[in-house]
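Have the sequence at hand as you read.

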Amino acid sequence: MKHVKVIFAILLSLVMVCGCGTGGSGIQSSDAGRGHEPLTILATADVDRLKEVVKEKYPEIVLEVVPYIGKNWSRFTCDQMITGDMPDIYNTTLAWLNYPDAMKENLIDLSTYAFTDNYDPTLLSQQELDGGIYLLPSKYSVYSCAYNKTLFDKHGWKAPESFEELKALAPKIKKAGVRLSVTNTMNAGVGFQYVCNLADTIDLSSLKGVQWQKDFLSGKADAAEGFGEAMNYMQEWIDLGMIEGSDALDGKAAFEIFAEGNTAFAIGGVDRWTQNEDGTGDVYVPMPYLSRDGSKNMYVTMQSKNFGLSKKLEEKGNEQKLEDALHVMEILSTIEGQNTFYDAITTNISSLRDWEVDPASPYASCIEDMKNGHTAPLLYTGWEGILAQVGGNVLDYMNGKYTKEEVLGTMDKLRDDWLEKGVNAFSEVDRKYDQKETAQLVGRIFGDAAGADCALISLNTAVDNCAIQNGSGINGYIMPLPLTDERIVSVIPTGWSDNIMTVTLTGSRIREYAKKGYKIESDGKSAVFPYELFVKGGEELSDENEYTVVVCGADDELSAEGNIQDSGIQGLQAFKDFFDKNGNPAMSEELLEWK
């Protein structure tokens, strides 16, 4: 799910532990030149910067990227931890304290290592599980609104500090011919978060609100008690034009409109804090979610990366790998190490105890407010079973398709069903289905839904050191866990809301494209990812005959030659319909067969 994501650029003195002897780190260093098995790490891009820092200090250590750029990083990485099927160096978005048994079983307790002392003890205490620390926070993101400061300065407008001030300012903005706001609305997760974020400006993050969350999730309270007033408040934002649902924009498209320079505010769609990537042009400034009188304005925070180590590293025979992995954790526990995952222009807040804010940071003016309690944690953990459906209903509400009562009533029902039946699963899965098997299932389901003859499904594999990854193909694999909306979305290329695409090609051209692969070019780099070709009934394709082909990953050449078409069918809905139509069968090899 994409929200407004902001990251602090931080300058501070670095104290690095050298890899000689124990060096105060509590880690015994090996002799250089010994054989070292590569350490695996999941990443959405290459980790060249981290590799450089690691190589400088420990030249014998080799890092190997496991690629993943799917549509649900949180769910996929959480499920890796639950199943224990994870890279050596594990990274994820949340602390997952609601899975205590899985954490203890599959992650190493890092509480006794010296590098753990580098972290802010307050943040570290939030990660503690029965005295152990299994995940170390890297940096945390701040989810907020934003306004175009250059535009405000030009018109002499003052940034509002309350919703009442915003209401007074909005007519002036519209009179000047400036668009009031643009909203990211293409992800069910953001629909849920908009309600939560506005509820935080009332009392959701207070002791009363936290108690309501516990009571609601256990069936002792209803949705209206905690979200009723927030829904009313959300309607005021909608009526004013601050939150819009009709445009159906994803985060990228919303930011592109904001970057045109004639929109005052952005909700859920800021990727950087200047109009141009080189830091020139209009300047944007973060703004909290405003309470009515300004007394409870809130910035919403979430750890953007948490790092841990697979428990398998403690198994006999992995002594060298464990030693190497602990050295990497040493590096990741420094500003230098953490900055290898973030560009200099980004603005995450460090979780390390001795950080200082750069005065030039977009958030320099907001730190005091945040330190004074104007922050609330992103609501996710514990809500996984219903947030996607609730978020989708909220997006429909924003578009006038649902009433407030329907959203709240559905929320109660979803919670009740969740408590009664557990996770709403479409299929039970008793083993891992690898990436190619997952592609085969996607080809079969998408192909049937679109009335296609065959399917070209690209894979996101480790190509060219993962400098480019393939978000249009299959990411990850199906794990031995109940198959739910979130888990489907974590592997299929269409995510929460994208449609299945088709092309029309002759049999000979289909085979040629299957052999050639899917080429992606970005920022002067290129990479070719493999296709898997699946044909309905396993039939041979005639060279001259034309066929309808489902395609996941189409470059310009394929799109043009095949006259690419939008089927109008959402990929997620196709999955749900397939399992529903077949009586929600358990996963099996037979389901992979496209008959």
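The largest nonpolar core has 75 residues. Phe227, Met234, Trp237, Phe265 and Trp383 make the most contacts inside this core. Helix α9, residues 223–240, supplies its largest share, with 9 residues. Keep in mind that the model is predicted.

Now pick out Met234. Which residues does Met234 contact, once its neighbours within four places in sequence are left aside? They are Tyr194, Val195, Leu198, Ile243, Val394, Tyr397 and Met398.

Next, move to strand β16, residues 454–458. Is this strand enclosed or open? Of its 5 residues, 5 are buried, so β16 is largely enclosed by the rest of the structure. Buried here means under 20% relative accessible area.

Look at where the side chains go. In a regular strand they alternate between the two faces of the sheet. Cys454, Leu456 and Ser458 point one way from β16. Ala455 and Ile457 point the other way. Both sets are buried.

What does β16 pair with? One partner is strand β20, residues 531–535. These two strands run antiparallel and are joined by 5 bridges. Within β20, Val535 is the bridge partner of Cys454. Another partner is strand β21, residues 546–552. Here the pairing with β16 is parallel, over 4 bridges. Within β21, Cys552 is the bridge partner of Ile457.

Methods
Residues are numbered from 1 along each chain as its sequence is written. This is a predicted model: local features need pLDDT of at least 70, side-chain atom pairs count only at pLDDT 80 or more; totals for chains, interfaces and linings use all residues. Side-chain values use heavy atoms; hydrogens and water are left out. A nonpolar core is a set of buried Ala, Val, Leu, Ile, Met, Phe, Trp, Tyr and Cys residues joined through side-chain atoms within 4.5 Å. Buried means under 20% relative accessible area, exposed over 50%, partly exposed in between (1.4 Å probe, protein chains only). Contact means heavy atoms within 4.5 Å. Two strands pair if DSSP finds at least two bridges between them.
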